[in-house]
Amino acid sequence: MSLEENKAVIRRLFEAENNRNLAILDELIAPDFIEGRNTPFELRGPEGYKQFVTMLFKGFPDWHETIEDIIAEEDKVCVHLNVTATHTGEWNFLGVTLAPTGKKITYTAVNIWRVVDGKIVERKSVRDLLVFLTQLGLIQPTEKGKKLFPENVK
Amino acid sequence: MSLEENKAIIRSFFEAVNKRNLALLDELMAPDYVDHALQLRGLEANKQALTESYKGFADWHETIEDITAEGDKVWVRFKGTGTHTGEYQESLPSIGKTTLAPTGKKITITGVLVYRIVHGKIVEKESGVYDLLDFYKQLGFIEPTEKAKKLFPKDFK
């Protein structure tokens, strides 16, 4: 598989997810796909991945990811993405149900995907969790934090 | 420059940062190097920010967890660790210039940084996505809300 072919696989994944066409994920995600091995966030295989995004889209029916930048080398594809969403539904996350807050979510992340023979075998992510968890009302500045970055207090 | 040469330059850069070898940065980086993520313009401003990191975190160390290159870009997934044992002049765009008294806390920052290399010199950090959750938590800037404590009781004993 060429670098352009690997990038095309990832672009297809983003398009399928944004269009809520989850059947395509069975084609794109390898049976042995893994993310977050041995952590509470572990996702395995197309079923695990589809289950996660299904619950995500229930909580955020307008969840949309935009690819800002993409590179590839060997079997890796790196994507810098931006997420926009509104929390208008219940989101089941790690066995906990987050009731809708109505909040608008905007945050940025980088995914590092591994693609082998046209299938996605692994994903690692770095996400701006500070912004995401603040927007969901799960973290807040302390008194010390408010004094130090008053503009960030929403 | 080949991809392997570009990756080697970035590896040397991380090594120089870890060894406190700021003189080596003059060789590896363009004088007008810009860090767009941290909004630091010019090599001197960037070296100054590094010096402040060393003052605040004497054991500050960065590890390259993954490095990927294409064209003139090198993407680095990194982990930075340090203990907040000294006064630290913060310059993160979200916080602005503030001096933080030592907390003694061990902090971890992870992120993915995108560097651009031209003719063997690092000319810019084009972008960076940082996970600063642990950093802010350890330094006492953020705390879980009541809602979070109710939803995740096991995590907040």
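Guide: Two residues are taken to be in contact if their C-beta atoms, placed from the backbone, lie within 7 Å. The model discussed here is predicted.

Visitor: How many residues does the contact take from chain B and from chain A?

Guide: Chain B gives 33 residues and chain A gives 29 residues. On the side of chain B that touches chain A, the elements giving two or more residues are β3 (61-70), β4 (73-83), β7 (106-118), β8 (121-131), α4 (133-138), β9 (142-144) and α5 (146-151) of chain B. That side of chain B divides into 17 nonpolar, 9 polar and 7 charged residues.

Visitor: In which sense do strand β9 of chain A and β9(B) pair?

Guide: In general, strands of a sheet pair through backbone hydrogen bonds, either parallel or antiparallel. Here β9 (residues 139-141) of chain A pairs with β9(B) in the antiparallel sense, over 3 bridges. A:I139 has B:P144 as its bridge partner in β9(B).

Visitor: What is the strand order of the open sheet in chain B?

Guide: The 6 strands follow the order β2-β1-β8-β7-β4-β3 in chain B, with mixed pairing. Because β2 (40-41) and β3 of chain B stand at the edges with a single partner strand each, one side of each is left without a neighbour in the sheet. β3(B) and β4(B) run antiparallel and are joined by 9 bridges; B:T63 stands opposite B:K79 in β4(B).

Visitor: Which strands of the sheet does helix α1 of chain B touch?

Guide: Helix α1 (residues 3-19) of chain B packs on the sheet and touches β3, β4, β7 and β8 of chain B, its direction making about 165° with that of β3(B). Helix α3 (residues 43-56) of chain B lies across β1 (29-35) and β2 of chain B, at about 70° to β1(B).

Terms used:
Residues are numbered from 1 along each chain as its sequence is written. Chains are lettered from A and ligands numbered from 1 in the order in which they are written. This is a predicted model: local features need pLDDT of at least 70, side-chain atom pairs count only at pLDDT 80 or more; totals for chains, interfaces and linings use all residues. Helices (H or I, at least four residues) and strands (E, at least two) are DSSP runs, numbered from the N terminus. Ala, Val, Leu, Ile, Met, Phe, Trp, Tyr, Cys and Pro count as nonpolar, Asp, Glu, Lys and Arg as charged, and the others, Gly among them, as polar. Two strands pair if DSSP finds at least two bridges between them. Axes are lines fitted to C-alpha atoms, for helices over the stretch in contact, and angles run from 0 to 180 degrees between N-to-C directions.
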